[in-house]
Amino acid sequence: MNKTDLNKIDLNKIDLSKTDLNKNDLNKNDLNKNDAEKEAAARASLRFIQSGQVVGLGTGSTAAYFIRLLAEKVKNGLRVRGIPTSVRSKELAESLGIPLTTLDECQEIDVTVDGADEVDPELRLIKGGGGALLREKIIASATKNLVIVADVSKRVPVLGKFPLPVEVIQFAQALVAKRIANLGAEVRLRRASDGNPFVTDEHNHILDCHFGEIRDADVLARHLSDMPGVVEHGLFIGMASTVLLANGSDIMELHR
């Protein structure tokens, strides 16, 4: 009986191992699908780019696909000048040979391609998961055509499942956190991988604010903008012209 019991235990161990492998395979498949959708959305945005344009270069994983695809077009003769929304995007664009300019030289941008953390039916956005919301909003405000690229999971009926990033000056951090909490949010200071506070390209901190469903994004945006110490918030309202959402190999195109 002891031998039989041992055999059963061994078989159970083997089955558990197989189950774990299957879970790992599923996770890898999900990741591969997500990456493929991001690339598909980024590729679809290339039709908005024409030679001679000034192009805003977004920040984040989907925007990085766009920058790489744009670089291929540049190598094949497309003439554009890019304005990056972050140091990360600037370094990537430079490494791939995309000519760059700045807002000092050019205050009007033809097209910007960027990602989003959430998109609602009115094409209002939550952005800033990558920590570049301030420069992203400045670039978006100077852009004729803001094209948002994302996978379909970013489409939501109501904004707020994703925590709203709010960039604050360090001097006012505690005060702003208290005031945002009084609006009904759970507020957390964003931290870097080393445990220290995350620092933006403009040397500010970010508060990630969990509001739950944001029923009136316009009112909340005004409250946050009027709050001393808030540099910028991640609600992008009335800015996106087009949203391209990838669902498998299909691209859903939404317009404001």
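## Contacts, strands and a cavity

User: What share of the contacts in the protein chain with a separation of 6 or more comes from residues 24 or more positions apart?
Analyst: This is a predicted model, in which local features need pLDDT of at least 70 and side-chain atom pairs count only at pLDDT 80 or more, while totals for chains, interfaces and linings use all residues. Residues are numbered from 1 along each chain as its sequence is written, and side-chain values use heavy atoms, leaving out hydrogens and water. With contact meaning heavy atoms within 4.5 Å, the share from residues 24 or more positions apart is 74%.

User: How many of the nine residues of strand 6 are buried?
Analyst: Helices (H or I, at least four residues) and strands (E, at least two) are DSSP runs numbered from the N terminus, and the chain has six helices and 13 strands. Buried means under 20% relative accessible area with a 1.4 Å probe, on protein chains only; 46% of the 256 residues in the chain qualify. Strand 6 (residues 143-151) is largely enclosed by the rest of the structure, because the number of its nine residues that are buried is eight.

User: Which residue of strand 12 stands opposite Val149?
Analyst: Two strands pair if DSSP finds at least two bridges between them. Strand 6 has five bridges to strand 3 (residues 109-114) in the parallel sense, with Val113 opposite Val147. Strand 6 also runs parallel to strand 12 (residues 242-247), again over five bridges, and there the residue facing Val149 is Leu244.

User: Which strands stand at the edges of the open sheet of four strands?
Analyst: The open sheet has the order 8-9-7-10 with antiparallel pairing. Each edge strand has a single partner, so one side of each is left without a neighbour in the sheet; these are strand 8 (186-189) and strand 10 (230-233).

User: What angle does the direction of helix 6 make with that of strand 10?
Analyst: Strand 7 (residues 164-168) pairs with strand 10 over three antiparallel bridges, and Val168 stands opposite Val230. Helix 4 (residues 133-141) packs on the sheet, touching strand 7, strand 9 (205-210) and strand 10, at about 65° to strand 10. Axes are lines fitted to C-alpha atoms, for helices over the stretch in contact, and angles run from 0 to 180 degrees between N-to-C directions. Helix 6 (residues 217-225) touches strand 7 and strand 10, and its angle to strand 10 is about 160°.

User: Is Ile214 buried or exposed?
Analyst: Ile214 sits in the loop between strand 9 and helix 6. Leaving aside residues up to four places away in sequence, Ile214 touches Ile126, Val158, Leu159, Gly160 and Leu220. Leu159 is 55 residues from Ile214 in sequence, yet their C-alpha atoms are 5.5 Å apart. Because its relative accessibility is 8%, Ile214 counts as buried.

User: How much space lies in the largest cavity?
Analyst: A cavity is a set of points on a 1 Å grid over the protein atoms alone where a 1.4 Å probe fits but cannot get out, and lining residues have an atom within 4 Å of a point. The search of the whole structure finds one cavity of 30 Å³ or more. Among the residues lining the largest cavity are Thr85, Arg135, Glu167 and Asp201. Its volume, the space filled by probe spheres set on the points, is about 40 Å³.

Technical notes. Buried means under 20% relative accessible area, exposed over 50%, partly exposed in between (1.4 Å probe, protein chains only). On a 1 Å grid over the protein atoms alone, a cavity is a set of points where a 1.4 Å probe fits but cannot get out, and a pocket is an open set with protein on both sides within 12 Å along at least five of seven lines; lining residues have an atom within 4 Å of a point.
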